Amino acid sequence: MNIRKKIIWNFSVVTIVLVGITLVFIYMLFYDYRKEEFQQQQQDKILTTLNFLTEIREIDEKLIGTMDRISIDEYYNEKILIFDANQKLIHSSIQQSQITFTQNILNELAQEVDKVELKEGEFEILGIKVESKGLVYYGISKAHDLAGFHYLDYLRFIFSLTFMAISVIIILMSHYLSKKITDPIVSLTKQIKDFNFEVKFNPIVTTGSKNEVAIMGQRFNELMQRMNEAFSFQKNAVQHISHELKTPIAVLVSNFERIEQESDLEKIKYLIKNQKEDTENLSKIINSLMEISKTESGSIPKLTKIRVDELIFDLAEEFGVLHPEFHFSIEYAETIEDEQKLTVPANLRLLKAALSNLMINCIQYSDDYKAKINIIPRAKLLQLEFINKGPVINEDEKKYIYEHYFRGKNSQGKRGFGLGLVFIRKILRMHQGEVVYSNEDLISNKFTITLPLS
């Protein structure tokens with residue numbers, strides 16, 4: 001059973017049963033009320049008759065009979081019997097109707113019972129004991145509440161029609177409400193039915209913003225976005241690795257072939273050292289590719305507040321261990337008291353990879369074993385300059401420096417695959433930053449990067 005049918009069935013059954021119980025309860029209240037009211041009327045009639053008998057002794061019996069006949073329209077087949085303390089009949093209203101168990105009723109009233117209620121077919125019998133002017137009297141009334149039962153029949157008829165009308169309305173309303181409730185769910189299922197990871201993800205459309213279906217749609221969009229990003233990452237990562245690593249792997253294979261053909265031990269050691277460096281570079285490339293593929297697939301890198309100058313000092317210390325002969329001179333363009341001017345929102349691993357690549361370039365392309373890093377705060381930006389003296393990139397080659405596997409004339413004799421600047425530029429652009437190369441004096445290389453402070 002689908003949700004819509006469950007809503008119709010459960011809502012209709014529960015509501016109809018509650019309505020039925022309510023109407024039956026109201027009917028039973030009226031039923032008890034009619035009984036009590038009719039008994040009160042019987043009791044009043046007995047007391048009225050007894051008053052006539054005790055207060056007006058001389059009253060003509062015909063007058064009481066006439067009084068009884070006046071009320072005969074209210075109580076069809078009514079009979080009233082009045083007895084004295086000795087259970088002697090002193091008044092009888094209508095002779096045609098007989099009261100069964102009269103003696104039993106009198107006996108019960110004589111035993112300190114003030115009221116006796118009996119039912120005989122459609123007639124109701126009431127017996128009471130009354131004291132008047134020190135004397136005890138017994139009154140018995142037998143009557144049929146024609147008007148009361150007529151009202152009950154009419155009430156039952158009205159309630160039956162009301163119950164059927166309300167039941168029909170409830171069923172129709174349950175159909176309408178179930179459709180209104182389930183339509184967004186049906187629409188949602190139709191939209192997610194043909195979801196395809198091969199095409200661009202289009203978020204499903206949901207109406208409203210706070211109802212459960214809209215929230216479920218939003219959560220589905222978030223889930224599908226993450227799954228789509230994961231799928232894109234997997235797809236793009238494979239493409240990146242197959243494309244970007246094709247040349248580096250070919251270089252490594254070529255190196256192995258050269259080692260295999262070499263017989264000079266010193267030459268073999270030199271080639272193995274180069275192979276080690278190329279392998280380490282390949283490892284760095286793979287790590288960078290993984291991070292870049294995540295971002296290009298739509299995964300937003302986790303950003304934290306990073307003190308760029310501290311990161312640069314840490315990297316300089318690490319490279320000082322690996323290359324003790326090389327020296328980085330780190331200078332501030334001005335005295336900086338507000339550390340916010342040195343702090344940028346960035347992914348630590350990516351930013352560290354970009355700065356590390358730039359510093360490796362300084363090490364590889366420097367003629368005097370030193371490089372200068374200038375830290376320059378700007379309005380809403382942080383500017384960093386990496387400067388080293390050495391072979392420069394000529395004007396014709398500048399436009400190619402950010403292309404895959406490009407290596408300028410100044411890189412002859414240097415280890416690498418021509419991917420460093422490609423990754424640096426990608427990483428910086430992920431952080432809304434930029435890198436620019438210049439060599440105004442023609443004897444030094446300067447890479448200027450800018451990063452937004454917020």
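Glu-310 and Arg-307 form a salt bridge, with 3.9 Å between the closest N and O atoms; the term requires a side-chain nitrogen of Lys or Arg within 4 Å of a carboxyl oxygen of Asp or Glu. The model is predicted: local features need pLDDT of at least 70, side-chain atom pairs count only at pLDDT 80 or more, and totals for chains, interfaces and linings use all residues. Residues are numbered from 1 along each chain as its sequence is written, and side-chain values use heavy atoms, with hydrogens and water left out.

**Salt bridges**

- The whole structure contains 11 salt bridges.
- Glu-310 is partly exposed at 44% relative accessibility, and Arg-307 is partly exposed at 22%; buried means under 20% relative accessible area, exposed over 50%, and partly exposed in between, with a 1.4 Å probe and protein chains only.
- Arg-307 also meets Glu-339 in a salt bridge, at 3.1 Å from N to O.
- This pair links distant parts of the chain, 32 residues apart: Glu-339 lies in the loop between β7 and β8 (343-346), and Arg-307 in strand β6 (residues 304-307).
- Arg-307, Asp-309, Glu-310 and Glu-339 are linked in a network of salt bridges.
- Lys-372 and Glu-331 form a salt bridge, with the closest N and O atoms 3.5 Å apart.
- Here the link is between strand β9, which holds Lys-372, and strand β7, which holds Glu-331, at a separation of 41 residues.
- Lys-372 is partly exposed at 33% relative accessibility, as is Glu-331 at 35%.

**Sheet and packing helices**

- An open sheet of 5 strands has the order β7-β9-β10-β12-β11 and mixed pairing; two strands pair if DSSP finds at least two bridges between them.
- The edge strands, each pairing on one side only, are β7 (327-332) and β11 (434-438).
- From one strand to the next, the twist averages 15 degrees.
- β10 pairs with β12 (residues 444-452) in the antiparallel sense over 9 bridges, and Leu-382 has Leu-451 in β12 as its bridge partner.
- Helix α8 (residues 308-322) packs on the sheet and touches β7, β9 and β10, its direction making about 165 degrees with that of β7.
- Helix α9 lies across β7, β9, β10 and β12 and runs at about 25 degrees to β10; axes are lines fitted to C-alpha atoms, for helices over the stretch in contact, and angles run from 0 to 180 degrees between N-to-C directions.

**Loop residues with positive phi**

- Tyr-369, in the loop between α9 (348-364) and β9 (370-378), has a phi near 60 degrees.
- Lys-380 has a positive phi of about 65 degrees and sits in the loop between β9 and β10 (381-389).
- Lys-380 is exposed, with a relative accessible area of 71%.

**Nonpolar surface patch**

- Phe-11, Ile-169, Met-173, Tyr-176, Leu-177 and Ile-181 form a nonpolar patch with about 540 Å² of accessible area together.
- Patch residues have over 30% relative accessible area and no salt bridge; nonpolar side chains (Val, Leu, Ile, Met, Phe, Trp, Tyr) are joined within 5 Å, like charges within 9 Å.
- Helix α4 (residues 146-193) gives the most to the patch, with 5 residues.

**Whole chain**

- The protein chain has 11 helices and 12 strands, taken as DSSP runs of H or I (at least four residues) and E (at least two), numbered from the N terminus.
- Of its 454 residues, 40% count as buried.
- Among contacts (heavy atoms within 4.5 Å) with a separation of 6 or more, 65% join residues 24 or more positions apart.
- The accessible surface is about 27400 Å², of which 57% belongs to carbon and sulfur atoms; areas come from the Shrake-Rupley method with a 1.4 Å probe, and for residues only the protein chains shown count as cover.
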